[in-house]
Amino acid sequence: MNYMKQTYIFEYLDENEFRKKERSVRKYNMLAYKKLMFNYYPTMRDGKFLGKLTSENEKEKTKSYELELPTDELFQKVHGVMRLHYTVYENKHVILLTNITPEGILDEGHRAELSTYKGVMISKSNPEKDMFKVNLLNMLNK
């Protein structure tokens, strides 16, 4: 029997916004970007949904997921966990890519060249707070 396996296609809630965040991930977290492009996206296209199921809608036949992306510990402690958010429309074979979080730092990382402090992206809007957190975390780890 020779039949083609049905793959899922990606669509976007807001492609421009999503691509900006994706570029930010590429710029500031190459590991997460490579995992997205070469592991996660192809696996999801094959119908294996990654991450944790956050909600289900029986009527619409949708499932929403959050996939944690690999992020170094210091980034996580300063900005939060990096996650890909998406919704699967099983009967349409569509994966709707909705967001990548933490939004604030990723949006800012796209708009401007962010500086890093001890290897962590520092927001332009509140650099003192971010540097304070990095220093505090470094002190606690000693």
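Buried residues make up 37% of the 142 residues in the protein chain. Buried means under 20% relative accessible area, exposed means over 50%, and partly exposed lies in between (1.4 Å probe, protein chains only). This is a predicted model: local features need pLDDT of at least 70, side-chain atom pairs count only at pLDDT 80 or more, and totals for chains, interfaces and linings use all residues. Residues are numbered from 1 along each chain as its sequence is written, and side-chain values use heavy atoms, with hydrogens and water left out.

**Overall make-up**

- The protein chain holds 5 helices and 7 strands. Helices (H or I, at least four residues) and strands (E, at least two) are DSSP runs, numbered from the N terminus.
- Along the sequence, the pattern is β-α-α-β-β-α-β-β-α-β-β-α.
- Among contacts in the protein chain with a separation of 6 or more, 51% link residues 24 or more positions apart. Contact means heavy atoms within 4.5 Å.

**The sheet**

- An open sheet is built from 5 strands in the order β1-β5-β4-β3-β2, with mixed pairing. Two strands pair if DSSP finds at least two bridges between them.
- The edges are β1 (9–12) and β2 (52–57); each has a single partner strand, so one side of each is left without a neighbour in the sheet.
- From one strand to the next, the twist averages 25°. Axes are lines fitted to C-alpha atoms, for helices over the stretch in contact, and angles run from 0 to 180 degrees between N-to-C directions.
- β2 and strand β3 (residues 62–68) run antiparallel and are joined by 5 bridges. N57 has T62 in β3 as its bridge partner.
- β2 and β3 form a hairpin with 4 residues between them. In its turn, K61 has a positive phi of about 55°.
- β3 and β4 also run antiparallel, joined by 7 bridges. Here T62 is partnered by Y89 in β4.
- Strand β4 (residues 83–89) and strand β5 (residues 94–101) are antiparallel, with 7 bridges between them. Y86 has L97 in β5 as its bridge partner.

**T98 in strand β5**

- T98 sits in strand β5. T98 is partly exposed, with a relative accessible area of 24%.
- T98 and H85 are 13 residues apart along the chain, yet their C-alpha atoms are separated by 5.5 Å.
- A polar atom of the T98 side chain lies 2.9 Å from the backbone oxygen of H85.
- Leaving aside neighbours within four places in sequence, T98 contacts L13, F18, H85, Y86 and T87.

**Helix α1 and E22**

- Helix α1 (residues 15–28) lies across β1, β4 and β5. The helix runs at about 55° to β5.
- E22 belongs to helix α1. E22 is buried, with a relative accessible area of 5%.
- The side chains of E22 and R19 make a polar contact (2.9 Å). A polar contact is a pair of N or O atoms within 3.5 Å; within protein, one must be able to donate a hydrogen and the other to accept it, and residues adjacent in sequence count only if both atoms are side-chain atoms.
- Not counting residues up to four places away in sequence, E22 touches Y33, M37, Y41 and I100.

**The nonpolar core**

- The largest nonpolar core has 24 residues; M44, L69, L84, Y86, I95 and L97 touch the most other members. Such a core is a set of buried Ala, Val, Leu, Ile, Met, Phe, Trp, Tyr and Cys residues joined through side-chain atoms within 4.5 Å.
- Two or more residues of this core come from each of α1, α2 (30–45), β3, β4, β5 and α4 (103–111). α2 gives the most, with 6 residues.
- Beyond neighbours within four places in sequence, L84 has contacts that include F18, L36, Y41, M44, L67, L69, L97 and I100.

**L74 in helix α3**

- L74 is found in helix α3 (residues 73–79). L74 is buried, with a relative accessible area of 16%.
- K133 is 59 residues from L74 in sequence, and their C-alpha atoms are 9.3 Å apart in space.
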